[in-house]
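Try each task before reading its solution.

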Amino acid sequence: MDSLDDLFARLREAKAPAEIEALQDGIWQLWLTTVHPLLDKRLENGIRALAADDYTLAIHEFTFLTEAMPEYAEGWNKRATAHFLRGEYKASLRDVQETLRREPRHFGALSGWATMLRTLGDDRGTLQVLRRLEQLCPAWPGLQQQLRNLRDRLDERPD
């Protein structure tokens, strides 16, 4: 099994959408395990609650994870998602920051952060976050077009 570092190194070089997706899936597989059966069950319960639009239960489950295992980035990321879906952007942004403190390469958190900033009308902030995502995977599907659109709107030249 590849390590996270190996998968991220390959993701940086990947060009084909299918290859990018496969590498992302491999990374998610590693992120979606706590290596503790009880905590894995709480994570699973929270994910099911998210899928059922029960954001209160999802936040409860993910809060349990963040308190029991604060170094586990995915607990913070999943709670950020639940807060976002409930329209609680400040809480979501706080959890995104906690996620990225623990895993700076978390493309899910970066993508969510960019979505929130875009929703809030912060083009400059969105551009900065998407540039971080570009460092992880320059060929991320649709990323270069998003960057071009933002640069055009902001009248900026590429770095």
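Contact means heavy atoms within 4.5 Å. This is a predicted model, in which local features need pLDDT of at least 70, side-chain atom pairs count only at pLDDT 80 or more, and totals for chains, interfaces and linings use all residues. Residues are numbered from 1 along each chain as its sequence is written, and side-chain values use heavy atoms, with hydrogens and water left out.

**Exercise 1. Find out where Ala-49 sits and which residues it is in contact with, leaving aside neighbours within four places in sequence.**

Step 1: Ala-49 belongs to helix H3. Helices (H or I, at least four residues) are DSSP runs, as are strands (E, at least two), numbered from the N terminus.

Step 2: Ala-49 is buried because its relative accessible area is 5%. Buried means under 20% relative accessible area, exposed over 50%, and partly exposed in between (1.4 Å probe, protein chains only).

Step 3: With those neighbours set aside, the partners of Ala-49 are Asp-54, Leu-57 and Ala-58.

**Exercise 2. Work out how H3 packs against H4.**

Step 1: The two helices pack at an angle of about 155°, and their axes are 7 Å apart. Axes are lines fitted to C-alpha atoms, for helices over the stretch in contact, and angles run from 0 to 180 degrees between N-to-C directions.

Step 2: Because of this angle, H3 is roughly antiparallel to H4. Angles under 35 degrees count as roughly parallel, over 145 as roughly antiparallel, 65 to 115 as roughly perpendicular and the rest as oblique.

Step 3: H3 and H4 have a left-handed crossing. A crossing is left-handed if the near helix is turned anticlockwise from the far one by less than a right angle, and right-handed if clockwise.

Step 4: On the H3 side, the meeting residues include Leu-39, Gly-46 and Ala-49, and on the H4 side they include Tyr-55, Phe-62 and Ala-68.

**Exercise 3. Now do likewise for H3 and helix H5 (residues 73-85).**

Step 1: Here the angle is about 20° and the axes lie 11 Å apart.

Step 2: H3 is therefore roughly parallel to H5.

Step 3: The crossing of this pair is left-handed.

Step 4: Leu-43, Ile-47 and Leu-50 of H3 make the contact with Lys-78, Thr-81, Ala-82 and Leu-85 of H5.

**Exercise 4. In the loop between H2 and H3, is Thr-34 buried or exposed?**

Step 1: Thr-34 counts as buried because its relative accessibility is 2%.

Step 2: The side chain of Thr-34 reaches the backbone oxygen of His-36 at 3.0 Å.

Step 3: Not counting residues up to four places away in sequence, Thr-34 touches Leu-39, Asp-40, Leu-65, Met-69 and Tyr-72.

Step 4: Turn to Val-35, in the loop between helix H2 (17-31) and helix H3 (37-51). Val-35 counts as exposed because its relative accessibility is 73%. Its phi is near 65°, a positive value in a residue other than glycine.

**Exercise 5. What is the phi of Asp-53, and where is this residue found?**

Step 1: The phi of Asp-53 is positive, about 60°, although Asp-53 is not a glycine.

Step 2: Asp-53 is found in the loop between H3 and helix H4 (55-68).

Step 3: Asp-53 counts as exposed because its relative accessibility is 53%.

Technical notes
A polar contact is a pair of N or O atoms within 3.5 Å; within protein, one must be able to donate a hydrogen and the other to accept it, and residues adjacent in sequence count only if both atoms are side-chain atoms.
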